[in-house]
Amino acid sequence: MRTYEYMAPEIVQKKPYDYRVDIWSLGILLFELLHREPPYKGRSLPEIPTSLNKKTIKFGPHISQEAKDLILLILKHNYNERPSMEQILNHTWVQQHLAKEQYIRNLPDPISSTKIGRAHV
C-alpha cells in the first residue's frame, strides 16, 4: 500500500496540520473500501498534488447517495470544513450500517439453533 495516497492536502503542501488529517485518511479509506482503489492516485509522492488539485472524485455507479455524501463531507480540502468523528458516526450512511449490524447480531445463530441428531454427526 502506498500511504502517500492517504495524505491530506495540508501534509502534501507541507502546511501545519492537526488531527483532521486522520479524518481525511478515513475518507480515503472509505472510498477505497467501496471502490478497491483510492480517489487520488499517483505512482509517487510528487504525483499526488496534481491528482489532489483536480478536486473531483469519480464514484462508481454502485455507490449510494448517502455514501457519496459522507465521502465528500470527509474529503474537504479545507480541513476546517471536515466533520468531527461524532458527526461522521451520526451520518445517515453510518447509522444505516450500524442498524444492519445490530439486526444481524440479534439473529439466532443458524448452527447452534439447529438440532443435530447422532445420525447426522
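**Figure 1. Buried residues of helix H2.** In H2, the buried residues are Arg-20, Val-21, Ile-23, Trp-24, Gly-27, Ile-28, Leu-30, Phe-31 and His-35. Buried means under 20% relative accessible area, exposed means over 50%, and partly exposed lies in between (1.4 Å probe, protein chains only). The model is predicted: local features need pLDDT of at least 70, side-chain atom pairs count only at pLDDT 80 or more, and totals for chains, interfaces and linings use all residues. Residues are numbered from 1 along each chain as its sequence is written, and side-chain values use heavy atoms, with hydrogens and water left out. Helices (H or I, at least four residues) and strands (E, at least two) are DSSP runs, numbered from the N terminus. H2 has 16 residues, which should span 22 Å at 1.5 Å a residue; the end C-alpha atoms are 23 Å apart, in agreement. The expected span is 1.5 Å times one less than the number of residues. An α-helix has 3.6 residues a turn, so residues three or four places apart point the same way.

**Figure 2. A nonpolar surface patch.** Leu-26, Leu-29, Leu-33, Met-85 and Leu-89 make up the patch, with about 440 Å² of accessible area together. Helix H2 (20-35) and helix H5 (85-89) each give two or more residues to it. H2 contributes the most, with three residues. Leu-26 is found in H2 and is partly exposed, at a relative accessible area of 30%. Patch residues have over 30% relative accessible area and no salt bridge; like charges are joined within 9 Å, and nonpolar side chains (Val, Leu, Ile, Met, Phe, Trp, Tyr) within 5 Å. Areas come from the Shrake-Rupley method with a 1.4 Å probe; for residues, only the protein chains shown count as cover.

**Figure 3. The Glu-10 to Arg-82 salt bridge.** The closest N and O atoms of Glu-10 and Arg-82 are 2.8 Å apart. Glu-10 lies in helix H1 (residues 9-12) and Arg-82 in the loop between helix H4 (65-74) and H5, so the pair ties together parts 72 residues apart in sequence. A salt bridge is a side-chain nitrogen of Lys or Arg within 4 Å of a carboxyl oxygen of Asp or Glu. Both partners are buried: Glu-10 at 4% relative accessibility, Arg-82 at 6%. Beyond its neighbours within four places in sequence, Glu-10 is in contact (heavy atoms within 4.5 Å) with Lys-15, Pro-16, Tyr-17, Val-21, His-77, Tyr-79 and Arg-82.

**Figure 4. The Arg-20 to Asp-18 salt bridge.** The count of salt bridges comes to two. In this one, the closest N and O atoms of Arg-20 and Asp-18 are 2.5 Å apart. Arg-20 is buried at 16% relative accessibility, whereas Asp-18 is partly exposed at 27%.

**Figure 5. Pro-9 and Tyr-79.** Pro-9 lies in helix H1 and is buried, with a relative accessible area of 3%. Pro-9 and Tyr-79 are 70 residues apart in sequence and 8.7 Å apart in space, C-alpha to C-alpha.

Figure 6. Most residues other than glycine have a negative phi, and most peptide bonds are trans. Lys-14 has a positive phi of about 55° although it is not a glycine. Lys-14 sits in the loop between H1 and H2 and is exposed, at 77% relative accessible area. Arg-36 belongs to the loop between H2 and helix H3 (48-54). Its relative accessibility is 79%, so Arg-36 counts as exposed.
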